[in-house]
Amino acid sequence: MKINIKTSALLISAALLLSGCSIFTKKTFVIWTDQPAIISYIENFNTSQKSVKAELVYKKNPADEIRKTRVHPDLVISSSLNSIRVIDNFAKTDSLFRKNRIDSSIFYSRLLSKGMVDNKQVLIPVSFNLPALMFRKGEVSYNISNFVLNEQNLIDICTDLNNKNSSLIAFSPRWNSDFLVHIAALYGASFMETSSGRLSYNLENIEKSLSFVRNFINDTNRGIENDIAFEDKYLYKPAENLIHEGKIFFSFTNLRKFYAISQKERINLNFRWTSKDDYITANEDIIYAGVPKHAENKKGAMAFLEWFFNHETQQKLMESARDKRTRSFGICMGFSSIKSVNELVFPRHYPLLVGHIPPEDILNFPEPHPVEWERIKKEAIIGWLYREAANQDTEKDLGEVVSNWYKLNPEY
């Protein structure tokens, strides 16, 4: 029997319909991410409904790659997406809020605003990380606030400890290079990007932070030579070991790194958020979700976002991670962007966080940083801050260091 072209087309269409497939509806969408936790989130999403399936593609640096690609994903979940040179690649997501598919009031308002362009929501924050100082649990002889430590608290406690024990250095700003960047930011370094997308900063305020660091080393730690000698003698061990041994009192960390410490070591540790002027400033590595302008399946991506940004969904994701005994922490290794998840769910999973969830009104979130921020921070800024912290006066101009880095990296 001969079957003409028209009959063949009808038979194929019928077969597609009977099989539940459609030539008019894309049944999968692609997520680019560098976040391991997204694997589990995709598994949960795919089993929660049958309309569309998410597929994961790992990218080492999604923010950088989305600027160059010709094959676009449908959703990107990563940090640095709100950089000026990156956010332009994403479509508006404000329809999710206008149509009440997601309630904007569930988010930290200052955090949500960092994903806006011209007062229109483009990126939606997923999670954020907070800086902290960790110390040995049970150390109650000092007036350590139940919530935060500011720079004066740090000076007072460390000075007293160092005076009581000449072989001890309770803490040094130079021990963790990230602390030098953090304290600069607290003093108003204003690391952010210019309208052209390159790094800008407030050098005067960076100098103020260096003055704090130098005075701390000279006055509290009895000079840079003593500071360096102690570092060379003891700091080959992990900070948590030195705290347990009583060699040091404080170590700078953040929420993500603190919960990456093994349970055996962490059980005897405590922490406080670092603050200045009664505000806690989040780290710059905020995780965002965005739908590229050239995504083929925006509808699928939006369905995932609607499912994900929900209190009950995130509660189930955290319960799933606990039941599977994964090393994952919180939401994408940080606090959720949803207030109620942090306030109600986190304390049940992480008892040490009981009484330590910061209220919204004391949280600050940084301005967008250049897409190259992590590289320029590690390859130029940290080294400069570390060297200058050991000098009495600034010897080399930061502008020259940054300019030289851009010359060596013309792609930025």
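Among contacts between residues at least 6 apart in sequence, 76% join residues at least 24 apart, where contact means heavy atoms within 4.5 Å. Please keep in mind that this is a predicted model, in which local features need pLDDT of at least 70, side-chain atom pairs count only at pLDDT 80 or more, and totals for chains, interfaces and linings use all residues. Residues are numbered from 1 along each chain as its sequence is written, and side-chain values use heavy atoms, with hydrogens and water left out.

**Overall picture**

Along the principal axes, the C-alpha atoms fill a box of roughly 100 × 50 × 35 Å. Of the 412 residues, 51% are buried. Here buried means under 20% relative accessible area, exposed means over 50%, and partly exposed lies in between (1.4 Å probe, protein chains only). The protein exposes about 20000 Å², and carbon and sulfur atoms supply 51% of that area. Such areas come from the Shrake-Rupley method with a 1.4 Å probe, and for residues only the protein chains shown count as cover.

**The six-stranded sheet**

What is the order of the strands in the open sheet of 6 strands? It runs E2-E1-E3-E14-E6-E15, with mixed pairing. Two strands pair if DSSP finds at least two bridges between them. E2 and strand E15 (335-336) stand at the edges with a single partner strand each, so one side of each has no neighbour in the sheet. Strand E1 (residues 28-33) pairs with E2 in the parallel sense over 6 bridges, and Val30 stands opposite Glu55 in E2.

E2 covers residues 53-58 and includes Leu56. Leu56 is partly exposed, at a relative accessible area of 35%. Together with Ile39 and Tyr58, Leu56 forms a nonpolar patch on the surface, and the three have about 300 Å² of accessible area together. Patches are made of residues with over 30% relative accessible area and no salt bridge; like charges are joined within 9 Å and nonpolar side chains (Val, Leu, Ile, Met, Phe, Trp, Tyr) within 5 Å.

Helix H16 (residues 339-349) has several buried residues, among them Val341, Val345 and Phe346. The buried residues of H16 pack against strand E6 (124-128), helix H15 (311-323) and E15.

Ser209 is found in helix H9 (residues 203-220). Is Ser209 buried or exposed? At 1% relative accessibility, Ser209 counts as buried. Leaving aside neighbours within four places in sequence, Ser209 is in contact with Ile183, Ala184 and Tyr187. The C-alpha atoms of Ser209 and Ala189 are separated by 8.3 Å, and these residues are 20 apart along the chain.

**Salt bridges**

Side chains of opposite charge can pair when their charged atoms come close. A salt bridge is a side-chain nitrogen of Lys or Arg within 4 Å of a carboxyl oxygen of Asp or Glu, and by this rule the count comes to 21. Three of these pairs are set out here.

| Pair | Closest N and O atoms |
|---|---|
| Lys324 and Glu43 | 3.7 Å |
| Lys276 and Glu151 | 2.8 Å |
| Glu360 and Lys339 | 3.1 Å |

The salt bridge of Lys324 with Glu43 links distant parts of the chain: Lys324 is in the loop between H15 and E15, Glu43 is in helix H2 (residues 37-48), and they are 281 residues apart. Lys324 is partly exposed at 48% relative accessibility, and Glu43 is partly exposed at 42%.

For the salt bridge of Lys276 with Glu151, Lys276 lies in the loop between strand E12 (269-274) and strand E13 (280-281) and Glu151 in helix H7 (residues 151-164), so the pair ties together parts 125 residues apart in sequence. Both Lys276 and Glu151 are buried.

In the salt bridge of Glu360 with Lys339, Glu360 lies in the loop between H16 and strand E16 (363-364) and Lys339 in helix H16, so the pair ties together parts 21 residues apart in sequence. Glu360 is partly exposed, with a relative accessible area of 26%, whereas Lys339 is buried.

Elsewhere, Asp64, Arg67 and Lys68 are linked in a network of salt bridges.

**Cysteines**

How many disulfides does a search of the whole structure find? The search finds 0, a disulfide being a pair of cysteine sulfur atoms within 2.5 Å. Cys158 is buried, with a relative accessible area of 0%, and Cys332 is buried, at 1%.

Terms used:
Helix = DSSP H or I, 4+ residues; strand = E, 2+ residues; numbered from the N terminus.
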